[in-house]
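Please look at the sequence and the 3D structure shown below, and keep both at hand while reading. The briefing that follows goes through a few local features and then the packing.

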Amino acid sequence: MRQPYNTDLSSKEWEIIAPMLPKPSKLGRPPKTDFREVLNAIFYITKNGCTWENLPHDFPPYSTVYFYFQRWAKTGVIAEINHQISAQVRLADGREATPSLASLDSQSVKTMDSAGSRGIDGGKKVNGRKRFIMADTLGLVVGAMVCPANVGERAGAMRLLQSLKYPLRRLQKILVDKEFSGDDITQWVKDNFDCTWEVSKRAEAQKGFVVESKRWVVERTFAWLGKYRRLSKDYEFYENTSESSIYLALIRKMLRNLTAVNS
């Protein structure tokens, strides 16, 4: 037994996420790893931003935690958990499991010198990576894609849409800002996804910052990510592990919201 951390999974949260983890192989010796503690350690790092080597010693060895984090990131387990829990949150809110409306945007962040890939976003003067996310009207992430910051908005949006692992048969419209405008991508989205690519524009008479109806939700999602220190900049060598860190932050938030609704 150890003293709990505020990032630990509650019993109700563990009951939700445990069935989503891969089942142990029937071959060989049964694993002795406590997967609840592995997840607690991963959520601890995501929230507090420490290095793997500096994981508190009352968790499993950091090499064990990192091994499972890498395995679940590479095999898509973390993205799948995000997908399943998002559907549960939507159903609990009285909605369909998949959205009909989504918002897409990007965020440029600095990286560590050890990052495997990076570039310079000339507009925002950021040397690092760019996060593209598509969120539904609740702010839940449908898909995330990380790439060097010098990738353009439309090219990055296409890469994100092409990387989606789950069909969005109900999706009718994707809202974006003016940086994503263009007849080429509008037609490409129509041809490949049979939905509308709509650029949100403020009225000409409006000046300064204006909240754009419904599209602002994706900005709120980026604000949620900013509360997790592991995401304050991109610390990961591989882009896919950066994407997994985004999903992990949202999984942690969704579990708390879901258990609060059901309590």
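Which residues does Thr259 touch, not counting residues up to four places away in sequence? Thr259 touches Lys12, Glu13 and Ile16, where contact means heavy atoms within 4.5 Å. This is a predicted model, in which local features need pLDDT of at least 70 and side-chain atom pairs count only at pLDDT 80 or more, while totals for chains, interfaces and linings use all residues. Residues are numbered from 1 along each chain as its sequence is written, and side-chain values use heavy atoms, with hydrogens and water left out.

- Thr259 has its place in helix H8, residues 239-262; helices (H or I, at least four residues) and strands (E, at least two) are DSSP runs, numbered from the N terminus.
- Thr259 counts as buried because its relative accessibility is 11%, given that buried means under 20% relative accessible area, exposed over 50% and partly exposed in between, with a 1.4 Å probe and protein chains only.
- The side chain of Thr259 makes a polar contact with the backbone oxygen of Leu255 at 2.9 Å, and a polar atom of this side chain also lies 3.2 Å from the backbone oxygen of Arg256.
- A polar contact is a pair of N or O atoms within 3.5 Å; within protein, one must be able to donate a hydrogen and the other to accept it, and residues adjacent in sequence count only if both atoms are side-chain atoms.
- Thr221, found in helix H7, has 0% relative accessibility and therefore counts as buried.
- Leaving aside neighbours within four places in sequence, Thr221 is in contact with Ile133, Ala135, Gly139, Val141 and Leu250.

- Seven of the eight residues of strand E4 (residues 141-148) are buried, so E4 is largely enclosed by the rest of the structure.

**Aromatic rings and charges**

- The count comes to 14 aromatic pairs, where rings of Phe, Tyr and Trp (its six-membered ring) pair if their centres lie within 6.5 Å, and planes under 30 degrees apart count as stacked, over 60 as edge-to-face and the rest as tilted.
- Phe132 and Phe180 form an edge-to-face pair, at 6.4 Å centre to centre and with 85° between the planes.
- Phe132 lies in strand E3 (residues 126-136) and Phe180 in the loop between strand E5 (173-176) and helix H6 (183-193), so their pair ties together parts that are 48 residues apart in sequence.
- Both Phe132 and Phe180 are buried.
- Lys253 lies over the face of Trp224, at 4.5 Å from the ring centre; a charge sits over a ring if NZ of Lys or CZ of Arg is within 6 Å of the ring centre and within 35 degrees of the ring normal.

**Nonpolar core**

- The largest nonpolar core has 50 residues, of which Ile17, Trp72, Ile78, Ile81, Ile85 and Ile251 touch the most other members; such a core is a set of buried Ala, Val, Leu, Ile, Met, Phe, Trp, Tyr and Cys residues joined through side-chain atoms within 4.5 Å.
- H8 gives the most to this core, with nine residues.
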